Amino acid sequence: MREDGRRNNLPLNSQQKKTVLASFLGWTLDAFDFFLLTFLLTDIATEFHADVPAVSKALFLTLATRFIGAFFFGMLADRYGRKPILMLNIVSYSVIGALAAFSPNLGTFLALRALFGIAMGGEWGLGSSLAMESIPPSARGMVSGILQCGYPAGYLLAAVVYGLLYQHTIGGYTIGWRAMFLLSFLPALIVLFIRSHVPESPAFVDAQKTARPGLLETLQRHWGVALYAVVLMMFFNFFSHGTQDLYPTFLKKQHGFDPHTVSWITIVANIGAIVGGLAFGALSEKIGRVNAITIACLIALPSIPLWAYSTTPFMLAIGAFIMQVAVQGAWGVIPVHLNELSPGAVRATLPGFIYQAGNLAASYGGPYQAGIAEAPGGSYGYALALFAGVVAVCIIVVIRFSPERRGQVMTVLG
């Protein structure tokens, strides 16, 4: 859908704001469901008589299966529309996420988390394509940052809920990890809002009037960009999950902090993540996607000692804030960057698939980090610092080879 110069400078209208809000909430509550697990690894391990690396395989399975959902739900959305498939996807991950509360053993729990990963994998591509195709080009940088901030916002929400509810007693019942997973039903409520207030992507509606190339044909013409983007997203997923997923475990096991302290440090980290996502998403509209990502990753490097090797809660919180400004600052540019790189005919499929294929390549990072941390002579601080430093440098190098397509017109026919 082409935008003229006058419309490019207009603020978002009411429908566009509702579309962005729905996409943001979908990703926020998707992340909320995922990050609840990161606070509960030690408790699940205790109940199932397992160690943390064994339970952390749930993180691996969730990440490893997300590319299946990205492909499946993306294909449906490219055929039937962004809006109805986004609604189906949200209901799917809500129900499957809640079912984990009833797991009788570790094997069943791991299987349900793998299924949750499939459902979770579809949301990012659907929400980002719906939003990016519905707004003026000049708003994409800021909206990209807003959308990606849904991820740390979900993490922050999980931290708040964990701090407020976990191990508290209500009506004689002590809230444990199973009750926490029942909260996964909440995202299904977004579907009511989407159904009533969110329109279909204008670009998708326009494209129904014209024949479009298929996925395989499109990939054959753009395979180089797709392969490059998968490698880039592998490093990006190591960057985010390598600095987030085991951080609560690091705070609990290495420092012995109580749930309240773990909660507020994580909240501070995710406030930093939201600041970074918004700031660098907007900055990318001025200096370009590639330069914004490079600067964000450079900020991560000097923050590592403070983030991984401080000894007091206050200093760890400062380090976590700066680290997540950098990590999610870089990530804040990714929704718009991948959508701009992707051909329009497969925009609901390809960005999400690339993102989740990178997740698959990086999916064993959590168990690998836990193994390093719990090996003789190892520590969680060392494992976190190693991942953060190496991956930040890798992204700085790889992103410099990326095409820059800031501000290109988005249709569903390319």
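Visitor: Is cysteine 394 buried, partly exposed or exposed, and why?
Guide: Cysteine 394 counts as partly exposed because its relative accessibility is 24%. Buried means under 20% relative accessible area and exposed over 50%, with partly exposed in between (1.4 Å probe, protein chains only). This is a predicted model, where local features need pLDDT of at least 70, side-chain atom pairs count only at pLDDT 80 or more, and totals for chains, interfaces and linings use all residues. Residues are numbered from 1 along each chain as its sequence is written, and side-chain values use heavy atoms, leaving out hydrogens and water.

Visitor: And cysteine 149, buried or exposed?
Guide: Cysteine 149 counts as buried, because its relative accessibility is 3%.

Visitor: How many disulfides are there?
Guide: The count is zero, where a disulfide is a pair of cysteine sulfur atoms within 2.5 Å.

Visitor: New topic. Which helix holds phenylalanine 321?
Guide: Phenylalanine 321 is in α18. Helices are DSSP runs (H or I, at least four residues), numbered from the N terminus.

Visitor: How exposed is that residue?
Guide: Phenylalanine 321 counts as partly exposed, because its relative accessibility is 30%.

How values were computed: Helix = DSSP H or I, 4+ residues; strand = E, 2+ residues; numbered from the N terminus.
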